[in-house]
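At each stop, select the residues named and look at what surrounds them.

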Amino acid sequence: MLRRGFLLGLLLVSGHALAKDKRAEFREALAGLTAGTLSATHAANRISFAGMEVEATEALAFELRRLIDPRVRNAYFEVLAQIATPHADVLRLATDAARSTDDLTFRLNGLRILGRLKQPSSVPVLTPMLTDKLLGVRRESAKALIAIKSPKAARELLVAAKTEDDPETRALMVIGVGRLGDAKLSKGLESLLESSSESTRLAATQALCLLGSKKGMEAARVLLASTDKFERLQGVMLFEGAPAKLAGPLLTPLLGDPEKSVRARAARLLAQGGDGRLTEWLVLESFKAPVEERLLYEGELELLRLPDEQRAIILRKAGLK
């Protein structure tokens, strides 16, 4: 009984020390950010590593209620664009920033925060900005709308894409239509298959695949059956962002493809689509691969952001560690 009490005491002390270390890490990150000795990205990484995103959001929201130096304000917004958690004040501040016209960096970070917060109430704020005169604003507005995942924004994205003159942003908007899941827009996407722009045609095909459209699937089958490995890879990437249930029938056979890059990419997209078995498959293939081939699998695993502990569990389960 005494031993159990002693162990419990140790655990409590250890837990308290760990929480204290996290708070110290969080405070040091914010202090360095305010002083200008720490970049916003570095500060955001330290906050995320300590698991203090909620506390940091609250602290930064409190500081932003006061008048502060524009440099510090911009640094705070850049951090929030990377770590913000739901917070009414941050939502209001980001909305105001997105609508501002005096500082482009401040405005873009406001848009990124709105995308991170994923609030449907932001959709009416963002949709008019899809046709803003500034390319960066149009692009970040599209990204934010796609992140919010509101099907209501799909039609606005398609309309904006048809007048967008930047190929990369146009492709982003078109693929976003597919990701937002409004199947009624398939006909509008099909009209883009005749575009003079190859990137637009490919984006429309991907959007149609994401919607499960017959035309999109037929185009994917043609690419996946090609003897050219680059065309097969292109076919695989048509299912980026698709649920495994939709992509599985076409991508699962590629786990036996003669080209390792095709196998690894197909597995990663299926894993991202919700099939956890393919995460295990990638870990085991990477472990068994010769050193010179391992980087290929590790590149795909890095995109899955697989924790080291989970990798260790998979290997132990397979009797390899």
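## Stop 1: a pair of helices

Select helix α9, residues 154-161, and helix α10, residues 167-179; they pack at an angle of about 150 degrees, with their axes 8 Å apart. Angles over 145 degrees count as roughly antiparallel, so α9 is roughly antiparallel to α10. The crossing of α9 past α10 is left-handed. Keep in mind that this is a predicted model.

Now show the side chains at the contact. From α9, pick A154, L157, L158, A160 and A161. From α10, pick R170, M173, V174, G176 and V177. Colour them by class: eight are nonpolar, one is polar and one is charged.

## Stop 2: a buried aspartate

Move to D182, in the loop between α10 and α11 (186-190). Is D182 buried or exposed? Its relative accessibility is 12%, and buried means under 20%, so D182 counts as buried. What does D182 touch, beyond residues up to four places away in sequence? Select P151, A154, V177 and L211.

## Stop 3: a second pair of helices

Select helix α13 (residues 214-224) and helix α15 (residues 244-251). Here the angle is about 40 degrees, and the axes lie 11 Å apart. That angle makes α13 oblique to α15. The two helices cross in a right-handed way.

Show M217, A220, R221 and L224 of α13, then L246, L250 and L251 of α15. These residues make the contact. By class, six are nonpolar, none is polar and one is charged.

## Stop 4: the largest nonpolar core

Stay on L251 and look around it. Setting aside neighbours within four places in sequence, L251 is in contact with L224, V236, F239, A266, L269 and L270.

Which residues touch the most other members of the largest nonpolar core? They are V79, I113, F239 and L251, out of 102 residues in that core. Next, select helix α4, residues 70-83. With eight residues, α4 gives the most to this core. In soluble globular proteins, nonpolar side chains tend to be buried together.

## Stop 5: an arginine on a helix

Find R201 in helix α12, residues 198-210. R201 counts as partly exposed, at 30% relative accessibility. Leaving out neighbours within four places in sequence, show its contacts: L192, L193, S195 and S196.

Now draw a distance line from the C-alpha of R201 to the C-alpha of V236. How far apart are they in space? The distance is 16 Å, and the two residues are 35 apart in sequence.

## Stop 6: two loops with positive phi

Go to K118, in the loop between α6 (104-117) and α7 (123-126). K118 is not a glycine, yet its phi is positive, at about 55 degrees. Its relative accessible area is 43%, and K118 is partly exposed.

Finish at R305, in the loop between α18 (291-304) and α19 (308-317). R305 is not a glycine either, and its phi is positive at about 50 degrees. Is R305 buried or exposed? R305 counts as exposed, with 76% relative accessibility.

Definitions and conventions
Residues are numbered from 1 along each chain as its sequence is written. This is a predicted model: local features need pLDDT of at least 70, side-chain atom pairs count only at pLDDT 80 or more; totals for chains, interfaces and linings use all residues. Side-chain values use heavy atoms; hydrogens and water are left out. A nonpolar core is a set of buried Ala, Val, Leu, Ile, Met, Phe, Trp, Tyr and Cys residues joined through side-chain atoms within 4.5 Å. Buried means under 20% relative accessible area, exposed over 50%, partly exposed in between (1.4 Å probe, protein chains only). Helices (H or I, at least four residues) and strands (E, at least two) are DSSP runs, numbered from the N terminus. Contact means heavy atoms within 4.5 Å. Axes are lines fitted to C-alpha atoms, for helices over the stretch in contact, and angles run from 0 to 180 degrees between N-to-C directions. Angles under 35 degrees count as roughly parallel, over 145 as roughly antiparallel, 65 to 115 as roughly perpendicular and the rest as oblique. A crossing is left-handed if the near helix is turned anticlockwise from the far one by less than a right angle, and right-handed if clockwise. Ala, Val, Leu, Ile, Met, Phe, Trp, Tyr, Cys and Pro count as nonpolar, Asp, Glu, Lys and Arg as charged, and the others, Gly among them, as polar.
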